[in-house]
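Student: Could we go through this model together? I'd like to begin with the overall picture and then move on to the details.

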Amino acid sequence: MSIAERAGSELYMRAYMDGYTAALEKAEAESAKPFLTVDDVVARYGGISKNKAYGIMQAVRHCCNGGKLNNDRMILRAELEWWEREVDKQYKERL
């Protein structure tokens, strides 16, 4: 292996590990908070409107019998993740 190939390989590995570490830190920061507010839901779904985020939160609470927090401005992260797994995501245009 030449010196140039070795240097390129080391740069690649360093960049890969930096990206991996940054992704782990971001995941830890997100999972540190067990509840989500409307701003967290907006960020999770890529900048949807606040009205749509409130609608998602209402749907989650509806599926979870009102939710454990008993608050209309917050939902548990676990409730949202369960709702994402269970809800049929097919969208039907007007019939």
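Tutor: Of the 95 residues in the protein chain, buried residues make up 18%, where buried means under 20% relative accessible area, exposed over 50% and partly exposed in between (1.4 Å probe, protein chains only). This is a predicted model, in which local features need pLDDT of at least 70 and side-chain atom pairs count only at pLDDT 80 or more, while totals for chains, interfaces and linings use all residues. Residues are numbered from 1 along each chain as its sequence is written, and side-chain values use heavy atoms, with hydrogens and water left out.

Student: What pattern does the chain follow along the sequence?

Tutor: The protein chain reads α-β-α-α-β-α, with four helices and two strands; helices (H or I, at least four residues) and strands (E, at least two) are DSSP runs, numbered from the N terminus.

Student: And which elements have the lowest and the highest mean pLDDT?

Tutor: Helix 1 has the lowest mean, at 80, and strand 2 (residues 75–76) the highest, at 92. The average over the protein chain is 83, and 88% of the residues score at least 70, pLDDT being the predictor's confidence in each residue, from 0 to 100.

Student: Changing topic, which residues are buried in helix 4?

Tutor: Arg77, Glu79, Leu80, Trp83 and Glu84 are buried in helix 4, which spans residues 77–86. They lie on the same side of helix 4, because they cover an arc of only 165 degrees around the axis, taken from the directions from the helix axis to the C-beta atoms.

Student: What does the face turned away from that buried side carry?

Tutor: That face of helix 4 carries the exposed residues Ala78, Arg85 and Glu86.

Student: OK, now aromatics: how many aromatic pairs does the structure hold?

Tutor: The structure holds one aromatic pair. Tyrosine 12 and tyrosine 16 form this pair, which is stacked, at 6.4 Å centre to centre and 25 degrees between the planes; rings of Phe, Tyr and Trp (its six-membered ring) pair if their centres lie within 6.5 Å, and planes under 30 degrees apart count as stacked, over 60 as edge-to-face and the rest as tilted.

Student: Where do the two tyrosines lie?

Tutor: Both tyrosine 12 and tyrosine 16 lie in helix 1, four residues apart, about one turn of the helix. An α-helix has 3.6 residues a turn, so residues three or four places apart point the same way.

Student: Is tyrosine 12 buried or exposed?

Tutor: Tyrosine 12 is exposed, with a relative accessible area of 55%, whereas tyrosine 16 counts as partly exposed because its relative accessibility is 46%.
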